[in-house]
Amino acid sequence: MNPTHLFTKTLSSTDVKSALSVPCYALEFFPIPQGDHVMQFEAVDITGFIWRFRLSTRCTGRYPKPVLLRSLWHFFVEKKGLVAGDRVMFFGEHDHENGTRYSVGTQRKIGRLFGKDLWVDV
């Protein structure tokens with residue numbers, strides 16, 4: 001089974017220094033328990049390392065405004081050496097026995113060629 005692309009985000013300086021702002025449409029792929037506003041999940045990178053993340057939404061307000069909380073997100077940013085302008089991609093693969101397995105990728109733009117951005121894995 002092929003993983004489903006959940007979202008890609010080009011990192012802003014706020015994403016790098018604080019918490020990662022997650023697109024609202026991506027919430028459908030992260031089953032936050034009813035009555036709760038936080039879920040912790042693991043995602044494996046291309047090296048096989050398992051990263052832990054904590055996704056949170058607002059308790060009040062018109063929009064849920066999902067973010068990956070700084071506590072675990074910042075460790076990931078530091079270890080990967082991410083900077084504003086890099087991008088992060090999340091993927092999911094649903095398994096009926098084990099739930100959703102997540103994977104994460106990071107890339108850095110190294111230039112342009114024939115009008116196309118060139119990205120390398122970080």
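The following legends describe close-up views of a predicted model.

**View 1. The aromatic cluster of the predicted model.** Eleven names make up this group: Phe7, Phe30, Phe41, Phe49, Trp51, Phe53, Trp73, Phe75, Phe76, Phe90 and Tyr102 form one aromatic cluster. The structure holds 13 aromatic pairs. Two pairs are presented in the next two views.

**View 2. The aromatic pair of Phe30 and Phe41.** A pair of aromatic rings is described by the distance of the centres and the angle of the planes. The rings of Phe30 and Phe41 form a tilted pair, with 5.0 Å centre to centre and 50° between the planes. Phe30 belongs to the loop between strand E2 (20-21) and strand E3 (38-44), whereas Phe41 belongs to strand E3, so the pair ties together parts that are 11 residues apart in sequence. Phe30 has a relative accessible area of 4% and is therefore buried, because buried means under 20%. Phe41, at 5% relative accessibility, is likewise counted as buried.

**View 3. The aromatic pair of Trp51 and Phe75.** Trp51 and Phe75 also form a tilted aromatic pair, at 5.9 Å centre to centre and with 55° between the planes. Distant parts of the chain are linked by this pair: Trp51 is in strand E4 (residues 50-56) and Phe75 is in helix H2 (residues 70-80), 24 residues apart. Trp51 is buried, its relative accessible area being 8%. Phe75, in contrast, counts as partly exposed, at 42% relative accessibility.

**View 4. The nonpolar surface patch.** Ile110, Leu113, Phe114, Leu118 and Val120 make a nonpolar surface patch of about 520 Å². Strand E7 (99-113) and strand E8 (116-121) are the elements that give two or more residues to this patch. One of the patch residues, Leu118, is found in strand E8. Leu118 has 34% relative accessibility and so counts as partly exposed.

**View 5. Arg87 and the ring of Trp119.** The charged end of Arg87 is placed over the ring of Trp119. Its distance from the ring centre is 3.9 Å.

**View 6. Ser12 and Val83.** Ser12 is located in the loop between strand E1 (4-10) and helix H1 (13-17). With a relative accessible area of 31%, Ser12 is partly exposed. Ser12 and Val83 are 71 residues apart along the chain, and their C-alpha atoms are separated by 8.0 Å.

Technical notes: Residues numbered from 1 in each chain as written. Predicted model: local features only at pLDDT ≥ 70, side-chain atom pairs only at ≥ 80, totals over all residues. Heavy atoms only, no water. Patch = residues over 30% accessible without salt bridge, like charges linked within 9 Å, V, L, I, M, F, W, Y side chains within 5 Å. Areas by Shrake-Rupley, 256 points an atom, 1.4 Å probe, with all protein chains shown as cover. Salt bridge = Lys/Arg side-chain N within 4 Å of Asp/Glu carboxyl O. Helix = DSSP H or I, 4+ residues; strand = E, 2+ residues; numbered from the N terminus. Buried < 20%, exposed > 50% of the residue type's maximum accessible area, 1.4 Å probe, protein only. Phe/Tyr/Trp six-rings, centres within 6.5 Å; stacked < 30°, edge-to-face > 60°. Lys NZ or Arg CZ within 6 Å of the ring centre and 35° of its normal.
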